[in-house]
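Thanks for coming. I have one model to go through this morning, so please look at the screen.

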Amino acid sequence: MYNEYETWGLATRAIRTGHQRTQEGEHAEAIFPTSSFVFASAAEAAARFGGDQEGNIYSRFTNPTVRTFEERLAAMEGGERCVATASGMSAILATCMGLLQSGDHVICSRSVFGTTTMLFSKYMSKFGVACDFVPLSDPDAWQGALRDNTRLLFLETPSNPLTEVADIAALARLAHANGALLAVDNCFCTPALQQPLELGADIVIHSATKYLDGQGRCVGGAVVGDAKTVGEEVFGVLRTAGPTMSPFNAWVFLKGLETLKLRMQAHSAAATEVARWLEGHPAVRRVHYPGLESHPQHELVARQQRAPGGILSFEVRGGREAAWRLIDSTRILSITANLGDTRTTITHPGSTTHGRLNDQEKAASGVSDGLVRISVGLEDIQDIQGDLLRGLERI
Ligand SMILES: *Cc1c(COP(=O)(O)O)cnc(C)c1O
């Protein structure tokens, strides 16, 4: 692989890696909407199919636009290989299918994306893969859940919606001492704010649908890691099972990557301001945000992340009724569970993303009835605050 970029900074990698210009001399990357590729001769076709010659065969497994996205994201995460997928969930599924087999055991954070929990508890279990769920920020719980057949540790940090943080380096050491791999879903931070591979993780998962796109247009995902784990084992699943990213979507994500660093800095700065302001409001009981001194793992955040990110949650006084009144009073903010958009989004986790939990599970996961989550977008901060203030004054 072309590795000149190793001396380059993140923004340069985001703009300059992966693109191989065609004979047309295009400045921006081309989209290659083609399902298959032609060969100069029968012998060349045979060499490609036999693996003796590199090159495109069929867009289920290689496409130049998709490859540009893969090489760029790999360069940004500091990984050898990236495999792009149709969605974030298919990135996780391809990872599981590539690395796990019947009889294996997985330890997963209790605070991961709800559909990820479902994938492990309902579907992977059908194929003989057992999974235990543990509190994200409790290292003893991870240690205690280890078994001889534990093959994979899986987490997101910061978590949704309470922004708890896991010590990636410590959990990578724990995994490796026990012959397991650590996979980190880096959706909330993106490589602009956190590079799990550098901290010792083996695999990075992305839902490109969120910040990598950043403008809420396309669904996609990616897996990043070393040449064997990702380039062979996960790629093999993609090639065979086919949850492939389309070239059109890859092009949109490429454009997203080019502004990722700027956007993540701006999301972080705006969220920090909104979090501090909310912390001082009398209708707000508590604010959860990695950038606040009141965050229980503020020091770890400073060590592990370049900035706190754009997601925060807060608890209003008055439970669900007050939370709903606040949400319904907004005029600019979008009421949607999606996140990582230029548009600020607001949601009530207790009745949406975490609505399926019973009261006991909600208490254990800290999702109270008064909790509201916002993904702070790139509108002017005074307008975001003004929109929230109208609701807070009605509580
Ligand atoms: C959205 C999300 C996913 C799933 O991604 P899709 O692109 O919707 O399939 C996985 N992990 C996290 C943290 C997410 O926010």
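Which polar side-chain atom lies 2.6 Å from a nitrogen atom of the ligand? That atom belongs to Asp185. Keep in mind that this is a predicted model.

In the side chain of Ser207, an N or O atom sits 2.9 Å from an oxygen atom of the ligand. Met89 works through its backbone: an N or O atom there is 2.9 Å from a ligand oxygen. As for burial, the ligand on its own exposes 380 Å², and the protein covers 91% of that.

Besides Asp185, Ser207 and Met89, the residues surrounding the ligand include Ser87, Gly88, Phe113, Glu156, Cys187, Thr209, Lys210 and Gly220. By class, the shell has 3 nonpolar, 5 polar and 3 charged residues.

Next, the domains. The assignment gives domain 1 as residues 4-258 and domain 2 as 261-392. Taken over C-alpha atoms, their centres are 27 Å apart.

How many residues of domain 1 are in contact with domain 2? The count is 34, and they meet 38 residues of domain 2. Between them the two domains bury about 2,900 Å², with 55% of that area on carbon and sulfur atoms. Leu162, Leu193 and Tyr211 account for 27% of what domain 1 buries against domain 2, more than any other three residues.

Methods: Residues are numbered from 1 along each chain as its sequence is written. This is a predicted model: local features need pLDDT of at least 70, side-chain atom pairs count only at pLDDT 80 or more; totals for chains, interfaces and linings use all residues. Side-chain values use heavy atoms; hydrogens and water are left out. A residue is near a molecule or strand if one of its heavy atoms lies within 4 Å of it. A polar contact is a pair of N or O atoms within 3.5 Å; within protein, one must be able to donate a hydrogen and the other to accept it, and residues adjacent in sequence count only if both atoms are side-chain atoms. Accessible areas come from the Shrake-Rupley method with a 1.4 Å probe; for residues, only the protein chains shown count as cover. Ala, Val, Leu, Ile, Met, Phe, Trp, Tyr, Cys and Pro count as nonpolar, Asp, Glu, Lys and Arg as charged, and the others, Gly among them, as polar. Domain bounds come from an automatic or database domain assignment. Contact means heavy atoms within 4.5 Å. Buried area is the accessible area (1.4 Å probe) that two parts lose on being put together, summed over both.
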